[in-house]
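Hi everyone, thanks for making the time.

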Amino acid sequence: MPYTINTTAEYHRGKLETLGWELTVSNALHPENSPCRTILKAPSSYGRHLYTYLQSVLPNPDFVSVLEIGGGYGYLMRDFLDCKPDLKPLMLDISPVLLQKQRDTLKDFDVIYRLGDFLETDDALLKGVELVLMNEILGDFPTAVDVPRDILQHDLSPQALDNALKRIRRLFDSYSLGTPQTVTFHFNLGAIEAVEKLCRAGVPAIFLGEHSCEASIPEHFARFIRVEASDSPQRIALKGHDEYTIKMSHLQKVAESYHYRILRGPFADFLDVSYSDSLLALLTNQEEADDRDEILIHFLGDLFQYEYLILLR
Ligand SMILES: C[S@@+](CC[C@H](N)C(=O)[O-])C[C@H]1O[C@@H](n2cnc3c(N)ncnc32)[C@H](O)[C@@H]1O
């Protein structure tokens, strides 16, 4: 089967009306009465947890200029502004509908908005930016699907390849991305080019969070919940478009070659789970789970299925 490029750009530009059915971890924790908050040690929002975590790990926790790419409803930036009102945020989004939602959510603050595809923006946008946030957007970027592994053979000249395959080959060669285990593989082309763009511009701090294809789960939860892991990004079918999970180790290799220091882990590192008697009871009696319990079990799985990278230099 010939390879294809999966892209969500047209969907986000024109068809998207709401993120409602695409429940991100940030949105799941947004309502103050969200049941998901009850399994955390501190029952607070996603943005507040992330802000606190970044304060503890960033060499310059007093950042002011922050760019959020793909901010969805704007809840994450709203939390950041509540924690640090002197922030100067720039919100870039490909979706006019979601950019308008961000304007509504952040109406009380001084924020700059840009409509556009990050992969097509001028690098000048990144000048002076101290922190970039990309939460649950990398899976939206173009993914090459069913790429033949043969294109990586050294006796095959890159000149024989079409444009997209040339880009893939260049990334494998430049960043020593290894050899896929299967004869054809999926490749996070856009996500890797996005990280390359940020690293090339020398942005001092970058937060990336997304559904990982390399997730793992600690022993004490492994008996109760499963996370999916595979060598190559996996398709997630959503309303009106498909996304792909992210091979975090590829992004890591790009950042390493630009001499970034890297922190990597599951979202559970900053969304600390309270492993209480009631959670244990819920996990051991899953056959009796009601709707609320199902939400909690799914959310707990997401805390390990989603990984972050913090890139610092
Ligand atoms: C799944 S939503 C995540 C929203 C939010 N960050 C969250 O965690 O709830 C993906 C976001 O990325 C935006 N997006 C997708 N592709 C983009 C691109 N190429 N350039 C800029 N924004 C993009 C979408 O419009 C949307 O706001």
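Let me start with a term: a salt bridge here is a side-chain nitrogen of Lys or Arg within 4 Å of a carboxyl oxygen of Asp or Glu. And please keep in mind that this is a predicted model.

With that cut-off, the structure has 19 salt bridges. One I'd like to show you joins the side chains of Arg 13 and Glu 120, with an N to O distance of 3.8 Å. Those two partners are 107 residues apart and link distant parts of the chain. Arg 13 belongs to helix H1, residues 9-15, while Glu 120 is in the loop between strand E4 (112-115) and strand E5 (131-135).

Now, over to the ligand. Where does the ligand sit? You'll find it in the second largest pocket. There are 20 residues around the ligand, and those that come nearest are Thr 24, Gly 70, Asp 93, Asp 117 and Asn 135. By type, the shell splits into nine polar, six nonpolar and five charged residues.

Which atoms meet up there? Asp 93 places a polar side-chain atom 2.5 Å from a ligand oxygen. Gly 72 uses its backbone instead: a polar atom there is 3.1 Å from an oxygen of the ligand. On its own the ligand would expose 600 Å², and the protein buries 98% of that.

That's my tour, and I'm happy to take questions!

Notes. Residues are numbered from 1 along each chain as its sequence is written. This is a predicted model: local features need pLDDT of at least 70, side-chain atom pairs count only at pLDDT 80 or more; totals for chains, interfaces and linings use all residues. Side-chain values use heavy atoms; hydrogens and water are left out. A residue is near a molecule or strand if one of its heavy atoms lies within 4 Å of it. A polar contact is a pair of N or O atoms within 3.5 Å; within protein, one must be able to donate a hydrogen and the other to accept it, and residues adjacent in sequence count only if both atoms are side-chain atoms. Accessible areas come from the Shrake-Rupley method with a 1.4 Å probe; for residues, only the protein chains shown count as cover. On a 1 Å grid over the protein atoms alone, a cavity is a set of points where a 1.4 Å probe fits but cannot get out, and a pocket is an open set with protein on both sides within 12 Å along at least five of seven lines; lining residues have an atom within 4 Å of a point. A molecule sits in a cavity or pocket if more than half of its atoms lie within 2 Å of its grid points. Ala, Val, Leu, Ile, Met, Phe, Trp, Tyr, Cys and Pro count as nonpolar, Asp, Glu, Lys and Arg as charged, and the others, Gly among them, as polar. Helices (H or I, at least four residues) and strands (E, at least two) are DSSP runs, numbered from the N terminus.
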